[in-house]
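Thanks for coming. I have one structure to go through today, and I will take it piece by piece. Please have a look at it first.

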Amino acid sequence: MKSEIALVCFAAFLTICQGANNTTLPLVIWHGMGDSCCNPLSMGSIKSLVEKQIPGIYVLSLEIGDNIVDDMANGFLMDGFTQVKMACDIIAKDPKLKNGYNAIGFSQGGQFLRGVAQICPNPPMHNLISAGGQHQGVYGFPRCPGDSSALCNYARELLNLGAYTEFVQDHLVQAEYWQDPFALDEYRKVSKFLAPLNQENFVNQTYKQNLMKLNKFVMVMFGEDTMVQPKESEWFGFYQNGTTSKLYTLRESPLYIEDKLGLKQMDKDKKLVFLTAPGDHLQFTDTWFIKNLIPYMK
């Protein structure tokens, strides 16, 4: 009799465990500049790592375009909001995401996925992890990764022409989140992506409420980042007006003080998580990733 009870209890335990596994949320990944959805050395490796740590999880690595080549090129040349809307469409049409998902964006993929959270609340994004995302933009273009040297050189040439000219704004994604602390009025007026996303000129209450629906907004700053200038942008910090020698933090920013994005309330609700990864831009170990980020994907 005791053995039969034990078997029943064990069967019930297995059922509970299987049920828990079946409720694991899927994960959406968005790569950074110069990368693609399926590079086996970057996003492919991350996908495999997550699948190993969370057996049975469904992982979608976003491909913006018809193929990998288009995907990489669009990271430089396609308007940010157009990319976000394409991502929203891909997510909405995927039946495996219909009950919600977690998301992780790498570098500019971090602010792009924030755009998805603000603009497209269905299906719902639960946790958003931004690994090196430039949420207050950048003021500097020191180097560029991977096998995209030609596109990197093209980007530099366009930025040298003038980030806020209409032509460059229309033809270079990175110019759309270029924030010049010596030309803030021009940035707010001209920026086609970051200024509207950060509600610099007009607060869209729907976008604000959508972002506040996140369970957790995890921001990873790389402590020795040499690519993002300033690296504090990864935590919503930036240069003070008219200088590159002094910085403000998120809590000192107008975005927070005026609560344009809902970040102040999210902070009070303990929805904001600030993590520092040792090393340069996107240079983390599997051990660090597993310990610090995997818990937000379960």
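This is a predicted model: local features need pLDDT of at least 70, side-chain atom pairs count only at pLDDT 80 or more; totals for chains, interfaces and linings use all residues.

Let me start with a question: which residue does a disulfide join to Cys37? The partner is Cys38, with an S to S distance of 2.4 Å.

How many disulfides does the structure hold? It holds two. The other one I want to show joins Cys88 to Cys120, and here the S to S distance is 2.0 Å. This pair links distant parts of the chain, 32 residues apart: Cys88 is in helix H4, and Cys120 is in the loop between H5 and strand E4, which covers 125-131. Is the disulfide of Cys88 and Cys120 left-handed or right-handed? The torsion about its S-S bond is about 95°, so this disulfide is right-handed. Both ends count as buried because the cut-off is under 20% relative accessible area: Cys88 has 10%, and Cys120 has 18%.

Two packed helices are described by the angle between their axes and the distance between the axes. For H4 and helix H5, residues 108-119, the angle is about 65° and the axes are 9 Å apart. The crossing of H4 and H5 is right-handed. Which residues make the contact? From H4 there are Gly80, Phe81, Gln83, Val84, Ala87, Cys88 and Ile91. From H5 there are Phe112, Gly115, Val116 and Ile119. Sorted by class, the contact of H4 with H5 has eight nonpolar residues, three polar ones and no charged ones.

Now to charged side chains. Side chains of opposite charge can pair when their charged atoms come close. How many salt bridges does a search of the whole structure find? The search finds seven, and I will show some of them.

One is again in H4. Lys93 forms a salt bridge with Asp89, and the closest N and O atoms are 3.2 Å apart. Both residues lie in H4, which spans residues 80-93, and they are four residues apart, about one turn of the helix. Lys93 is exposed, with a relative accessible area of 62%, while Asp89 is partly exposed, at 37%.

Another salt bridge is between the side chains of Glu200 and Arg188, at 3.5 Å from N to O. Where do these two residues sit? Glu200 is in the loop between helix H9 (194-197) and helix H10 (205-212), and Arg188 is in helix H8, residues 184-190. They are twelve residues apart, and the pair links distant parts of the chain. Is Glu200 buried or exposed? Glu200 counts as buried, at 13% relative accessibility. Arg188 counts as partly exposed, at 28%.

Gly133 is placed in the loop between E4 and helix H6, 149-162. Gly133 is buried, with a relative accessible area of 0%. What does Gly133 touch, leaving out residues up to four places away in sequence? The residues are Ser107, Gly110, Gln111, Ser233 and Glu234. The C-alpha atoms of Gly133 and Trp235 are separated by 8.3 Å, and these two residues are 102 residues apart along the chain.

To finish, the whole protein. Its secondary structure comes to 13 helices and eight strands. Of its 298 residues, 53% count as buried. Among contacts with a separation of 6 or more, 70% are between residues 24 or more positions apart.

Notes: Residues are numbered from 1 along each chain as its sequence is written. Side-chain values use heavy atoms; hydrogens and water are left out. A salt bridge is a side-chain nitrogen of Lys or Arg within 4 Å of a carboxyl oxygen of Asp or Glu. Buried means under 20% relative accessible area, exposed over 50%, partly exposed in between (1.4 Å probe, protein chains only). Axes are lines fitted to C-alpha atoms, for helices over the stretch in contact, and angles run from 0 to 180 degrees between N-to-C directions. A crossing is left-handed if the near helix is turned anticlockwise from the far one by less than a right angle, and right-handed if clockwise. Contact means heavy atoms within 4.5 Å. Ala, Val, Leu, Ile, Met, Phe, Trp, Tyr, Cys and Pro count as nonpolar, Asp, Glu, Lys and Arg as charged, and the others, Gly among them, as polar. A disulfide is a pair of cysteine sulfur atoms within 2.5 Å.
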